[in-house]
Amino acid sequence: MSIKMRKGIDDDHLTFLDAGMIAANSGVAWVALHGRTAEQMYSGVADWSAIGMLKEHLATSGVPVLGNGDVWTAADALAMMDQTGADGVVVGRGCLGRPWLFAQLAAAMQGRPIPADPELGQVLAVLRRHAEVLSGDYGQERGCRDIRKHIAWYLKGFSVRQHIRLALGTVSSLAELDDLLAQIDPDQPFNAEVGATPRGRTSGGRAPSLPDRWLESRSLDPVQARQVSQAELSVSGG
Ligand SMILES: Cc1cc2nc3c(=O)[nH]c(=O)nc-3n(C[C@H](O)[C@H](O)[C@H](O)COP(=O)(O)O)c2cc1C
């Protein structure tokens, strides 16, 4: 079992050191930390210094720490590990529309040369394969609906005519996808600068909703415990 958490509720309620130690003492295999608070959601820049603090805090436990937040490239992963002492990284938004990032990360971690980013022709082939796999799993209608959001991430930084982008945003069959992809000039290099910028959710902070009287005590009474389990049902991962 492993655990992943944020720094805390907000800057006044940072829980990651305590939570990390509790997890380590409970025998988890890994502890991962996203360097933002719940209030921050995806805003601002992830605080890698917190990952370094957690690594130090858990040093004697021997439990490895994984850092998370704003790893967009393999170079970011190496920089995070170097700056924080983290044993590895967790990737969130960085792999949206670029699944080859994992091969680049593996090479970076093993000290091998990092494979080059693909040209557009290769990106389109991966996108097509992704749509095919989704269609295989969910059926063509749902698969093609699902691939729409990925298409914007795959094409970020490439020059694609507006009417084709728009049509791809409503694609509903693999045949239609093939027809549209065939109209794109595949001879375009990857735009590394754009590739290293945020993608996916970047939304700003909002106060997290907490169970009644949550902040009044460090322990839970039975009513609060019920509220927590209900609240957890309506909150997606961190
Ligand atoms: C599509 C998507 C799904 C995610 N699902 C989860 C999840 O189920 N559980 C979780 O703890 N975090 C989840 N996250 C959050 C990420 O693990 C990560 O903490 C967050 O995106 C910050 O890392 P990043 O800056 O690399 O994106 C998800 C993120 C994305 C983009």
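**Group meeting: the cores of a predicted protein model**

Let us begin with Leu-33, which, leaving aside its neighbours within four places in sequence, is in contact with Met-5, Phe-16, Ala-50, Ile-51, Leu-54, Val-65, Gly-67 and Asn-68. Contact here requires C-beta atoms, placed from the backbone, within 7 Å. The model is predicted: local features need pLDDT of at least 70, side-chain atom pairs count only at pLDDT 80 or more, and totals for chains, interfaces and linings use all residues. Residues are numbered from 1 along each chain as its sequence is written.

Leu-33, Val-31, Leu-54 and Ala-77 have the most contacts inside the largest nonpolar core, which has 25 residues. Such a core is a set of buried Ala, Val, Leu, Ile, Met, Phe, Trp, Tyr and Cys residues joined through C-beta atoms within 7 Å; buried means that 20 or more other C-beta atoms lie within 10 Å of a residue's own, again placed from the backbone. Which elements give two or more residues to this core? They are α1 (16-25), β4 (30-34), α2 (48-57), β5 (65-68), α3 (74-84) and α4 (101-109). The greatest contribution, five residues, comes from α2. Apart from this core lies another, of 15 residues, including Leu-124, Cys-144, Leu-168 and Ile-184.

I turn now to the whole chain. Its secondary structure comprises ten helices and six strands, taken as DSSP runs (H or I, at least four residues; E, at least two) numbered from the N terminus. Of its 238 residues, 26% count as buried. An automatic or database assignment divides the chain into domain 1 (2-110), domain 2 (120-189) and domain 3 (212-238).

Definitions and conventions:
Buried ≥ 20, exposed ≤ 12 C-beta atoms within 10 Å, placed from the backbone. Contact = placed C-beta atoms within 7 Å.
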